[in-house]
Amino acid sequence: MYKTAKGEEIFVIDGHTHFWDGSPANQKNVHGKQFIDCFYAYHSNLSPPSEKWEKEKFEKYDAKTMYDDLFVTGYDDMAILQPTYLTDFYKNGFNTTERNSAMKKSHPDRFILNGAFDPRDGTKGLEHLHALSEKYKIKGVKLYTAEWRGESKGYKLTDKASYQYLEAAQKLGIKNIHVHKGPTIIPLNRDAFDVADIDDVATSFQDLNFIVEHCGLPRLDDFCWIATQETNVYAGLAVALPFIHTRPGYFAHVISELLFWVGPDKILYGSDYGIWTPKWLIDKFMAFEIPDDVTKETGSVLTMETKTKILGLNAARLYGIDVEAQKKKIRAGGGYAHLPEAVHAPR
Amino acid sequence: MDPELDESVVDLNFVIRADVDPLNRVYIEFRLPTYWCAANFSFLMADDMRSAVSALDWVEGVSVVLGEHMYADKINAGLEKGLSFQETFGTEADGNLDDLRQTFLVKAFQRRQVALLNHLTGLGHQPDTIVSLTLAELGCLPVDDEGDRLVRRYLERRPVVGPMRPTSLAFVDAAGVRLGADGFAAYVSGLRRVAVNAEFNGALCRGLLSARFDLETPFVPKPPKRGAADGAPHKS
């Protein structure tokens with residue numbers, strides 16, 4: 001919960017969090033080491049110095065640390081757990097639905113548990129998706145089109161197998177398809193700078209929502225075209241948001257382009273925890289205004305209403321969260337006890 | 001140049017060694033911001049470095065080596081044998097680098113164009129004048145030093161989209177079509193996204209490189225490695 005100086009309550013849903021194990025004990029090979037090292041470089045490069053973690057903590061943090069960083073020190077009210085399997089790099093996977101489910105189990109009102117699928121897993125993968133749906137009642141999946149599977153270095157959403165999986169997701173009521181389309185890593189030339197497959201599937205699957213994580217950066221130009229044309233394409237701010245600290249001028253450009261092309265109702269906040277933590281991200285975001293010269297070019301203004309939508313209301317709509325009811329649940333569970341006002345809040 | 005960022009690989013701190021031996025053979029080593037940087041981009045950069053250096057008439061041989069990358073061995077072996085990207089990666093690669101190179105050249109053209117257009121409008125030139133300038137006229141246009149630099153950068157990439165006769169229009173779009181004075185503002189704002197993208201990316205790449213190799217910590221010279229014969233000037 002973020003409270004403004006005027007006392008307005010802003011309900012925050014963190015669209016992108018992880019509960020990973022990147023520790024040396026779980027690393028299967030040099031790729032596993034390089035993967036967590038690369039994440040750590042993102043973390044060290046874009047975090048304010050005071051928010052920088054020790055490497056060991058970054059490799060593997062415990063459940064309590066995560067809970068506190070998100071909900072006690074941080075302003076998140078709820079967080080979506082997005083899995084990243086990477087079973088070719090990590091013995092038990094990096095951040096599987098099963099691992100994440102422990103967080104969900106301990107704090108059911110706080111977490112939204114997402115699953116994942118990989119169309120290269122064939123019938124077995126489809127069965128797994130059904131099992132995830134049955135066991136965890138998932139409403140969303142996180143897809144990582146650049147993930148390796150043996151010889152394959154990635155896939156496209158337009159592949160025939162992807163269509164089968166998306167059809168299955170639609171039938172199972174898994175409406176929210178989060179797709180990593182971010183900075184250029186891993187794949188060869190396949191999919192390396194292309195968000196075009198989103199365009200195709202967004203048209204074909206009108207009932208599904210496609211949340212493009214990292215808003216296609218560094219393919220923002222291509223992404224904006226697609227997102228403008230498709231009503232069911234959203235922008236996830238993970239990775240883009242931390243630039244608010246190191247490069248506020250560029251963040252201003254990115255957010256103003258997104259507001260201009262995609263609009264305030266289709267942008268979702270995400271911390272990408274544990275790469276970054278909600279406290280400083282949201283403090284900076286709430287204090288942020290788009291500079292006049294940028295507003296003059298795009299006409300975009302980051303109003304309080306828009307900030308409220310980005311921080312929580314847009315995700316609440318996608319995941320069917322009744323904000324007032326959810327606040328009551330969290331308050332009843334003592335989730336706001338750390339807020340000074342909670343003492344006087346009705347129970 | 002880094003094809004995606006349109007910046008010099010030397011300025012980006014990617015190049016860690018550039019030596020010439022007494023026989024005029026050139027040795028280049030470079031590294032990238034992440035272990036994962038796309039293999040095709042990496043290969044493209046190495047290949048471009050090799051071509052650019054080979055084009056110098058005094059050069060008798062070029063060796064380009066990529067370090068600390070997941071595909072370093074494969075790429076270096078391919079480079080050493082003079083193979084193409086496709087030949088190096090075989091079935092794992094599913095396209096050729098020429099298309100990719102062209103995509104990046106067009107994006108670089110667009111970025112350089114929008115930088116120049118913004119500068120010219122800032123100096124008070126009107127859209128209808130700008131869109132009707134020929135290449136010869138652009139060359140004579142009175143501009144300040146920054147404008148001069150931007151014109152030169154723009155002209156380097158202008159051949160990407162169309163022929164360069166003195167009477168050709170200076171400003172055309174990526175398809176080589178002339179710009180209209182009417183849609184000028186919308187066109188420029190469209191290009192701005194390409195530029196924002198690349199700037200953002202450049203910031204990310206520099207930052208990741210500096211975090212990965214700890215470029216921020218003041219450099220403390222390491223004692224020379226025993227047995228290092230050439231004493232090559234390595235930055236670390």
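**Figure 1. Pairing of strands S8 and S9 of chain A in the predicted model.** In this predicted model, strand S8 (residues 209–213) of chain A runs parallel to strand S9 (residues 233–236) of chain A, and four bridges join the two. Within this pair, Val212(A) stands opposite Ala235(A), a residue of S9(A). Strands of a sheet pair through backbone hydrogen bonds, in either the parallel or the antiparallel sense.

**Figure 2. The five-stranded sheet of chain A.** The strands of this open sheet follow the order S6-S7-S8-S9-S10 (chain A), and their pairing is parallel. Strand S6 (140–143) and strand S10 (267–268) of chain A each have a single partner strand and stand at the edges, so one side of each is left without a neighbour in the sheet.

**Figure 3. Surroundings of Ala235(A).** When neighbours within four places in sequence are left aside, Ala235(A) is in contact with Val212(A), Cys215(A) and Ala227(A), and also with Leu258(A), Val262(A), Lys266(A), Ile267(A) and Leu268(A). One of these residues, Val212(A), is also the residue that stands opposite Ala235(A) in S9(A).

**Figure 4. The largest nonpolar core.** This core has 148 residues, and those with the most contacts inside it are Ile198(A), Phe210(A), Val212(A) and Ala235(A). Its largest share, 11 residues, is supplied by helix H8 (residues 184–212) of chain B. Because domain 1 (15–95) and domain 2 (100–198) of chain B both give residues to this core, it lies between them.

**Figure 5. Helix H4 of chain A and its two faces.** The buried residues of helix H4 (residues 97–106) of chain A are Thr97(A), Asn100(A), Ser101(A) and Met103(A). They cover an arc of only 155° around the axis, which means that they lie on the same side of H4(A). The elements against which the buried residues of H4(A) pack are helix H3 (63–72), strand S4 (78–81), strand S5 (111–113) and helix H5 (122–136) of chain A. On the face turned away from the buried side, H4(A) carries the exposed residues Ala102(A), Lys105(A) and Ser106(A).

**Figure 6. Chain B and its secondary structure.** Chain B contains eight helices and three strands, and from the N terminus on its elements run β-β-α-β-α-α-α-α-α-α-α. Of the 236 residues of this chain, 33% count as buried. Among contacts in chain B between residues at least 6 apart in sequence, 68% join residues that are at least 24 apart.

Key
Residues are numbered from 1 along each chain as its sequence is written. Chains are lettered from A and ligands numbered from 1 in the order in which they are written. This is a predicted model: local features need pLDDT of at least 70, side-chain atom pairs count only at pLDDT 80 or more; totals for chains, interfaces and linings use all residues. A nonpolar core is a set of buried Ala, Val, Leu, Ile, Met, Phe, Trp, Tyr and Cys residues joined through C-beta atoms within 7 Å. A residue is buried if 20 or more other C-beta atoms lie within 10 Å of its own, exposed if 12 or fewer, and partly exposed in between; C-beta atoms are placed from the backbone. Domain bounds come from an automatic or database domain assignment. Two residues are in contact if their C-beta atoms, placed from the backbone, lie within 7 Å. The arc is that of the directions from the helix axis to the C-beta atoms. Two strands pair if DSSP finds at least two bridges between them.
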